[in-house]
Amino acid sequence: MGEKLGALRKYLPTALWIGGLIVLYLILRALFAPHAGGINLNSKMILARIREVSLFLGAIAAVMIVIEVYFYQIFFRCPPHTLTTVIVRFIQGILGLITILLIIAFFDLTDLIRLPEGPFKNFVLLPVNGFAALQKFLVATKLVAAGQASVASAVLLLLVLGLLFFLIQRITEPRVSRSGLAYLLVIPALVGVLFLIIYPFLFEIKLAFSNASLGTQATKNASYGLQYGWQNLVTLFTGNVAKDAKFFEVLGRTVLWTVINVTFHVTGGMVLALLLHRPMKLQGFYRTLLVFPWAIPTTIAAMALRNEFDLRYGFFNIMLNNIQNFFAGLSTKVALLSPVFSWLAENIGPVSWKQDPFWAFVSILISNIWLGIPFMAVIILGGLQSISHEYYEAAEMDGASKWQMFRNITLPLLRPVLTPAVILGVIWTFNKFDVIWLITQGGPQEKTDILVSSMYKAAFQFYRYGFTAMFALVIFVILLGFTIVYLRVTGGLKSATE
Amino acid sequence: MKKQNALVRFYRWFFFRARGDSPFKRLLIHLLLIIACAISVYPVLRVVTISLRPNDTLLTTSLRIIPENATLDNYREVIFGAPEKNRKSDFFLWLWNSFSVVMVTSLISVALAAVSAYAFSRFRFRGRSAGLVFLFTTQMIPAGMLLLPLYIMLAKLKMINSSLGLIIAYSVSSVPLTIWMLKGYYDTIPVDLEEAALIDGASRMMTFTRIILPLSSPSLAIAFLFSFMGGWSEYLVARVVLQKNELFTWPLGIWTYAQQFTVSWGKFAAASVLIAIPVMALFLYSSKWLISGLTLGSVKG
């Protein structure tokens with residue numbers, strides 16, 4: 001009896017969860033069923049997406065496993081005598097060669113390099129063509145349907161590979177490797193980074209020395225050469241970066257944008273963190289409300305703020321209008337200060353946030369500052385909480401003032417928190433333009449564009465691909481220079497990589 | 001005389017209390033915090049207001065939080081569509097698109113990062129510090145910089161206008177930072193635990209799966225949450241990769257409300273509120289761990 005009760009107690013929560021989910025499902029179904037005609041999503045679409053995604057994940061997992069096993073056998077297995085050594089190294093060599101050929105073929109396919117027609121290209125494309133031939137063969141012999149040929153041949157290939165690995169495993173002996181495991185652990189991420197970061201980066205460099213644009217159908221008919229790179233560079237520094245804007249003008253604005261934003265983020269975050277970092281009532285409540293701008297999705301926040309900068313119906317202009325009316329009313333009532341109030345009423349008033357370049361820039365600054373302060377506050381608060389009370393108690397004994405304590409205890413001890421936060425803050429702000437894009441689109445007349453948004457425009461509105469690539473490289477060099485200088489000065493990051 | 005004494009005493013107590021903060025200072029602090037809270041919450045409240053307005057008074061100079069004639073019509077139309085106008089609702093489609101893409105991206109990046117961060121944290125192998133510095137450097141690559149080559153690459157692979165293409169494009173940004181964060185967390189777990197297990201005959205992989213992974217489950221959750229949040233409201237990359245309406249993620253989707261022939265702010269706001277509520281609830285619920293994860297990851301690096 002007691003055992004039964006114990007089992008019941010053990011499984012009851014799970015059962016309740018499942019029951020609750022079923023009830024929830026039924027309620028939702030009853031709610032949505034009458035309106036199903038209006039909702040553009042059904043179970044068929046969901047299943048199709050799940051199938052697509054899981055195939056993709058399965059493919060990635062299969063590739064990773066093959067790579068891992070391959071390197072595992074290189075690091076941790078060794079053949080016992082000459083004959084087996086020859087066999088094993090031969091198989092491994094062939095597999096490695098096929099991989100390299102596949103990579104070159106991939107480069108060729110995506111236009112990073114262009115192989116001349118001839119025997120070499122045919123040799124490189126051998127694995128690819130072999131795979132295609134296998135598919136054709138499977139379809140021709142009616143073993144599988146045409147739609148499943150690629151999956152079936154992939155499975156077949158995996159089986160062959162598995163057999164090979166099994167063979168190697170049987171004829172080799174274990175061996176000790178000191179850092180083999182480390183490399184095995186890093187390899188998956190390394191492959192991902194090589195494919196997703198290094199390769200596009202190389203592509204970018206090549207693209208920077210080309211005249212690729214919409215006219216050349218991207219890379220299809222583009223020509224490459226140093227002169228094109230030079231031309232792109234000259235256009236960048238002397239010509240128009242997006243439509244009318246000049247490089248140095250935009251660079252200046254970007255620096256201004258970054259400096260103002262980061263300064264406000266850090267000081268605002270510091271003030272909020274210091275206010276919150278003390279025992280008091282309602283602390284949790286304040287903290288919850290204060291992280292709102294960080295918690296709300298940026299797209300929504302930016303669009304909401306865009307509304308508030310409307311000429312007539314936005315919050316800011318309504319408030320400014322009210323203030324103007326208030327002063328205008330005062331100037332008629334209070335005779336003594338009438339000139340002051342009428343001057344105020346004349347000079348404070350609704351602002352055209354969208355037409356006036358200066359106010360447009362102010363509007364995106366306000367938005368981005370509002371969005372960014374909570375993040376810094378949270379980081380700094382975390383840093384403050386890690387500072388021991390004892391420092392302050394000792395300082396209090398010695399009669400230090402509040403400001404002295406802040407200056408000599410809080411700030412130095414916050415440094416390990418602030419250094420990376422400021423670097424990342426600068427880099428992110430420098431590169432962050434979704435707020436700008438959603439609020440002003442860089443307008444009016446590209447007067448609120450920063451470097452990155454100009455670059456985005458050059459690429460995806462004006463389709464100047466080669467030029468954009470050079471532009472991106474220059475931005476990257478600027479940021480790299482900044483970070484190196486900053487790290488030299490502050491000596492940060494050293495402890496991290498040790 | 002006596003009354004004045006009381007006043008002076010009150011004045012002394014109010015402004016210069018001997019121990020702790022004086023009531024005046026506390027009042028000031030609460031006041032400042034309330035103002036800050038108002039600034040941070042008010043724009044969000046305005047979105048709610050707009051979503052509740054009936055369609056004929058969308059444009060108004062009223063600053064009331066609950067508008068006159070408040071109605072839930074906008075919500076109804078966003079969720080159920082408007083069959084009488086023969087208009088279907090894409091809301092759940094967008095949510096599902098976003099969810100499936102971002103879920104897979106986060107899974108991939110956390111899985112890759114969890115494993116390699118362990119190597120960076122516990123092993124001293126060749127190329128380790130170079131690798132870490134390299135991962136940091138990738139943060140300097142502007143968002144749009146790799147977007148162009150990725151776009152061309154995806155076009156060549158015929159993956160433009162496909163969710164898989166977006167998954168590939170998103171994985172770029174989240175992996176390096178996740179590795180840094182998790183490495184920072186692993187560093188705080190004492191090595192003694194593993195050494196004891198190693199002496200008892202466990203293998204390195206076993207110490208990783210049985211000791212490190214369970215111990216770091218909160219930080220894994222945080223890393224997952226971070227990359228999820230990063231992709232969840234991303235707009236610019238999705239705009240380039242996806243052009244078909246039925247593949248849109250929700251940021252692209254609600255943007256179409258703002259670009260229609262007649263801008264429908266009401267529907268836009270209603271959709272925003274519906275999306276933001278669960279996200280913010282999750283965020284606020286987990287904010288404590290978020291803070292610890294951030295400071296551990298980025299600070300102790």
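**Labels and the values behind them**

Tutor: In this predicted model, B:Arg46 and A:Glu308 form a salt bridge, their closest N and O atoms being 3.0 Å apart.

Student: What makes the contact between B:Arg46 and A:Glu308 a salt bridge?

Tutor: The cut-off is a side-chain nitrogen of Lys or Arg within 4 Å of a carboxyl oxygen of Asp or Glu. The closest N and O atoms of B:Arg46 and A:Glu308 are 3.0 Å apart, which is within 4 Å, and therefore the pair carries the name. Across the interface of chain B and chain A, the rule finds one salt bridge.

Student: How many residue pairs are in polar contact between chain B and chain A, and which helix gives the most to the side of chain B that touches chain A?

Tutor: The count is eleven residue pairs in polar contact, both residues being at pLDDT 80 or more. Helix H2 (residues 23-52) of chain B gives the most to that side, with 17 residues.

Student: What is the extent of the interface in residues and in buried area?

Tutor: In chain B 110 residues are in contact with 114 residues of chain A, and the two chains bury about 10200 Å² between them, with 80% of that on carbon and sulfur atoms.

Student: Are A:Phe433 and A:Trp437 buried or exposed, and how do you know?

Tutor: Buried means under 20% relative accessible area. A:Phe433 has 3% and A:Trp437 has 1%, so each of the two counts as buried.

Student: What makes the pair of A:Trp437 and A:Tyr456 an aromatic pair, and which parts of the chain does that pair link?

Tutor: A:Trp437 and A:Tyr456 are 5.0 Å apart, centre to centre, with 75° between the planes; these values lie within 6.5 Å and over 60 degrees, and therefore this pair is edge-to-face. The pair links distant parts of the chain, since A:Trp437 lies in helix H18 (residues 434-439) of chain A and A:Tyr456 in helix H19 (residues 451-460) of chain A, 19 residues apart. A:Tyr456 has 2% relative accessibility, which is under 20%, so A:Tyr456 counts as buried.

Student: Why is B:Ser272 called buried, and which residues does it touch?

Tutor: B:Ser272 has 1% relative accessibility, which is under 20%, so it counts as buried. B:Ser272 lies in helix H13 (residues 265-285) of chain B, and, not counting residues up to four places away in sequence, it touches A:Ile300, B:Val47 and B:Ile254. A polar atom of the B:Ser272 side chain lies 2.8 Å from the backbone oxygen of B:Phe268.

Terms used. Residues are numbered from 1 along each chain as its sequence is written. Chains are lettered from A and ligands numbered from 1 in the order in which they are written. This is a predicted model: local features need pLDDT of at least 70, side-chain atom pairs count only at pLDDT 80 or more; totals for chains, interfaces and linings use all residues. Side-chain values use heavy atoms; hydrogens and water are left out. Buried means under 20% relative accessible area, exposed over 50%, partly exposed in between (1.4 Å probe, protein chains only). Rings of Phe, Tyr and Trp (its six-membered ring) pair if their centres lie within 6.5 Å; planes under 30 degrees apart count as stacked, over 60 as edge-to-face and the rest as tilted. Helices (H or I, at least four residues) and strands (E, at least two) are DSSP runs, numbered from the N terminus. Contact means heavy atoms within 4.5 Å. Buried area is the accessible area (1.4 Å probe) that two parts lose on being put together, summed over both. A polar contact is a pair of N or O atoms within 3.5 Å; within protein, one must be able to donate a hydrogen and the other to accept it, and residues adjacent in sequence count only if both atoms are side-chain atoms.
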